Amino acid sequence: MADQTSDSTSPVAPLSVSSPTAPKKDNINPVDSKLTELNESRAELLNRIQNLKQDLQSWRGKLDTQVKVYREELSGLKKTLNLEVEQLREEFKDLKTTLNQQQDDVSASLKSLGLQDSKEQMDKRSEVTEEKVEALSTDDNPKEAEH
C-alpha cells in the first residue's frame, strides 16, 4: 500500500512543476490533502487491525486456558466416578457373599431343628436371590458405559 501512495504522488508532482498554469496547482492541493487524509485513515485502520489481532490472540489464550482447566476437572471427576463405581461393585460382591452366608446359616439352623425345606426349594430361593443381586449390579454397568 505504501508503494501505491508514493506512485500516486510522483506523477502529480512533475505535473505541478512543469505546468505554469495556476488552476492545475489548485487541483493538486486538494489531491495532496486527500492523499494525506487517506494516509492518515490507512494508518488508523492498520492500528485498529493490530489492536484487533492482539485482542484475538489474548482471547485465544484465555480460551485455551479455560479449555485446559475444564478438561482437567472433567478428568478428575471421571476418575472419582470410576473409583466410586468400583467401590459399589465391591460392596455388591460383599453383600452377595454375606447374603449367601446368611442363607447357608439359616438352612443349617433349620436343618438342625428339622424344619428345613426340601433341597429344591432352597436352591430355587438361592437362585432368585443371586439373580436379584446380579440385576442390581448390572443396572450400574450401562450407566458407566455411557460416561
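User: How are helices and strands defined here, and how many of each does the protein chain have?
Analyst: Helices (H or I, at least four residues) and strands (E, at least two) are DSSP runs, numbered from the N terminus. This is a predicted model, in which local features need pLDDT of at least 70, side-chain atom pairs count only at pLDDT 80 or more, and totals for chains, interfaces and linings use all residues. Residues are numbered from 1 along each chain as its sequence is written, and side-chain values use heavy atoms, with hydrogens and water left out. Read from the N terminus, the elements of the protein chain follow the order α-α-α, and the count is 3 helices and 0 strands.

User: Which element of the protein chain has the highest mean pLDDT?
Analyst: The predictor's confidence in each residue is given as pLDDT, from 0 to 100, and the protein chain averages 79, with 69% of the residues scoring at least 70. Over residues 1–22 the pLDDT stays under 50, and helix α1 (residues 2–18) has the lowest mean of the elements, 44. The highest mean, 92, belongs to helix α2 (residues 22–113).

User: What share of the 147 residues in the protein chain is buried?
Analyst: A residue is called buried under 20% relative accessible area, exposed over 50%, and partly exposed in between (1.4 Å probe, protein chains only). By that division, the buried share of the 147 residues in the protein chain is 9%.
The accessible surface, from the Shrake-Rupley method with a 1.4 Å probe, comes to about 12,400 Å², of which carbon and sulfur atoms hold 56%. The buried share asked for is therefore, under the cut-off of 20%, the value of 9%.

User: Is Lys93, which meets Glu90 in a salt bridge, buried or exposed?
Analyst: The N to O distance between the side chains of Lys93 and Glu90 is 4.0 Å, and these residues stand 3 apart in helix α2, about one helical turn. Glu90 counts as partly exposed at 36% relative accessibility, whereas Lys93, at 52%, counts as exposed.

Terms used. Contact means heavy atoms within 4.5 Å.
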